[in-house]
Amino acid sequence: KQWYQRRVRGDMYGGFGGFDFDEFSGECYQKDDPVPAIVKHAERGNLKGIQGLIRTARKKDERAVRIALNKTQRWMEVDYKMGGYTKEWEWHGLTAVATAARYGYPAVVKFLLLHGADPTLEGCYTDNEYASAFKAQTLCREPEKSAKIKALLDAARPYWNDAPYKHSSYKKDRVKKGFPNMPTDMEALKSVLERISVKVV
C-alpha cells in the first residue's frame with residue numbers, strides 16, 4: 001500500500017517514495033483510492049463512457065453491474081488540532097448518479113437509474129458535507145437541468161428503500177456485499193422513468 005501525509009483537510013503535498021512530508025505531524029495515512037472511472041465520466045457528463053463500462057460489467061454478471069454502478073472513492077479527511085494531534089475520518093465519495101445530479105446531467109442520471117444505480121447511497125464530497133443523489137440534485141446550479149433531474153429522482157424514489165449501508169462513513173461491506181439494495185419493482189421503475197424525456201447532449 002502507498003502511504004502519505006496530509007497537511008490540512010483534503011490537501012496533498014508531493015514527496016518521495018509515496019510519502020508527503022509535513023512539519024506539523026510525523027504521522028502517515030493511507031493514500032486515497034483512485035476516483036472510479038464511472039464517477040469521472042459522470043462528472044463530465046460522458047454518457048458513452050458510462051455505457052461502455054456497464055456493457056463490460058454486464059458480460060460478467062449482474063453483481064458486477066451493481067458494483068460498477070455504485071462504486072465510490074475511499075478517501076480520508078485529516079484534521080490537525082492545535083494540541084498537536086489529529087482526527088481522521090474515512091469517507092465514501094459521491095456515487096456516479098449523485099455526481100451526475102450535482103453537476104447537472106439529466107441523461108446520465110436517467111441512464112444510471114434505469115440500470116439500477118442506488119440513489120440512496122450517501123457520499124462525502126468535501127469536508128463535513130454529505131449527499132445522496134437526492135441532496136446532490138439541490139447542489140446543481142443550472143435550474144432547468146436541476147428541475148429535470150429532480151423529476152427523475154422523484155419518480156424513482158417510491159421504488160427505493162434506503163440501503164442499510166447508505167451512510168457516507170467508509171465501510172468495506174458496501175462492495176463486499178455487492179450492493180444488494182435494489183428497486184422494489186424494477187420494471188415499474190423503468191416504466192415511469194421512460195416517460196420523462198431528457199435531451200442527450
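Author: A salt bridge is counted when a side-chain nitrogen of Lys or Arg comes within 4 Å of a carboxyl oxygen of Asp or Glu. The model is predicted, so local features need pLDDT of at least 70 and side-chain atom pairs count only at pLDDT 80 or more, whereas totals for chains, interfaces and linings use all residues. Residues are numbered from 1 along each chain as its sequence is written, and side-chain values use heavy atoms, with hydrogens and water left out.

By this rule there are nine salt bridges. One of them joins Glu122 to Lys166, whose closest N and O atoms are 4.0 Å apart. Glu122 belongs to the loop between α5 and β5 (123-126) and Lys166 to the loop between α7 and α8 (173-176), so this pair ties together parts that are 44 residues apart in sequence. Helices (H or I, at least four residues) and strands (E, at least two) are DSSP runs, numbered from the N terminus. For accessibility, buried means under 20% relative accessible area, exposed over 50%, and partly exposed in between (1.4 Å probe, protein chains only). Glu122 is partly exposed at 21%, while Lys166 counts as buried at 17%.

The side chains of Glu90 and Arg74 meet at 2.8 Å, N to O. Glu90 is found in strand β4 (residues 86-92) and Arg74 in strand β3 (residues 74-80), so the bridge connects parts that are 16 residues apart in sequence. Glu90 is partly exposed, at 30% relative accessibility, and Arg74 is buried, at 3%.

Asp154 and Lys150 form a salt bridge of 2.7 Å, N to O. These residues are four apart in helix α7, a separation of about one helical turn. Asp154 is partly exposed, with a relative accessible area of 44%, and Lys150 is also partly exposed, at 40%.

Together with α1, α3, α5 and α6, α7 is included in what covers the buried residues of α4, where contact means heavy atoms within 4.5 Å. Six of the eight residues of α4 are buried, so α4 is largely enclosed by the rest of the structure.
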